[in-house]
Amino acid sequence: MYKILTSIIAERTYNFLNEHQLLPSEQKGCKRGSYRCKDQLLINKMILDDCKTKKKNLSTAWIAYKKAFDNVPHTWIIKCMEIYKICPVTVNFIGESMKCWKTTLYLNHAEGSMTSRPINIKSGIFQGDSLSPLLFCLALAPLSSLLKATTYGYEAQGRTISHLVYMDDLKTYAKSDSQQTGLLNIVKTFSNDI
């Protein structure tokens, strides 16, 4: 029943975010109507081809958050839902649900099986739930806003691209190492803060 309810909430929340253009275009992890990872690969290929053809400088960095889905604080997820003006009833429901999130571990072995006690999920998203990927993308959306707000990035086809995100994998682009350092400082500060 919980999965059905959260899938309805996910659908309505996604439609709201999409309608108001609140999801960063750089995040393809939960973007409907895109080819997700393939979109990111094509954009990356275009940047690399442009760089080689026009003999322009390019500085890139890849960031893969370690255990990202497990480490986002529930308080930050709720704060992001409030920042992006998700319905307060939905925010309250998710906040109260997070207090009840639990998991149990099962181990089958040659001599039988073992079961852990219920383990409270005190941070991160509830994996296996259709709303969780959207909540995770929402938790990283402010980082995209911070990166876009800089003047840093690689300029191609009349557009500046500072980063691409696929769920918890981030790639930053800059036209110099000093710009790249600026982008990485933003990522580090944001990550440490949450």
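Predicted model: local features only at pLDDT ≥ 70, side-chain atom pairs only at ≥ 80, totals over all residues.
**Stop 1: α6 and α7.** Select residues 132–148, helix α6, and residues 177–193, helix α7. Their axes lie 10 Å apart, at an angle of about 150 degrees. That makes α6 roughly antiparallel to α7. The crossing of α6 and α7 is right-handed. Now show side chains. On α6, pick Ala 139, Leu 140, Pro 142, Leu 143, Leu 146 and Leu 147. They meet Leu 183, Ile 186, Val 187 and Phe 190 of α7. The contact of α6 with α7 has ten nonpolar residues, no polar and no charged.

**Stop 2: α4 on α6.** From α4 come Trp 76, Ile 77, Cys 80 and Met 81. From α6 come Leu 135, Leu 138, Ala 139 and Pro 142. This contact of α4 with α6 counts eight nonpolar residues, no polar and no charged.

**Stop 3: salt bridges.** The count comes to seven salt bridges. Select Glu 26 and Lys 148, which pair at 3.5 Å, N to O. Glu 26 sits in the loop between α1 and α2 and Lys 148 in α6, so the pair ties together parts 122 residues apart in sequence. Glu 26 is buried at 8% relative accessibility; Lys 148 is partly exposed at 43%.

Next, select Asp 50, Lys 54 and Lys 56, linked in a network of salt bridges. Asp 50 and Lys 56 meet at 3.3 Å, N to O. Asp 50 is buried, while Lys 56 is partly exposed.

Finish at Glu 96 and Lys 99, a salt bridge of 3.0 Å, N to O. Glu 96 is partly exposed. Lys 99 is exposed.

Notes
Residues numbered from 1 in each chain as written. Heavy atoms only, no water. Axes fitted to C-alpha atoms, helices over the stretch in contact; angles between N-to-C directions. Helix = DSSP H or I, 4+ residues; strand = E, 2+ residues; numbered from the N terminus. Parallel < 35°, antiparallel > 145°, perpendicular 65-115°, else oblique. Left-handed = near helix turned anticlockwise from the far one by under 90°. Contact = heavy atoms within 4.5 Å. Nonpolar A, V, L, I, M, F, W, Y, C, P; charged D, E, K, R; others polar. Salt bridge = Lys/Arg side-chain N within 4 Å of Asp/Glu carboxyl O. Buried < 20%, exposed > 50% of the residue type's maximum accessible area, 1.4 Å probe, protein only.
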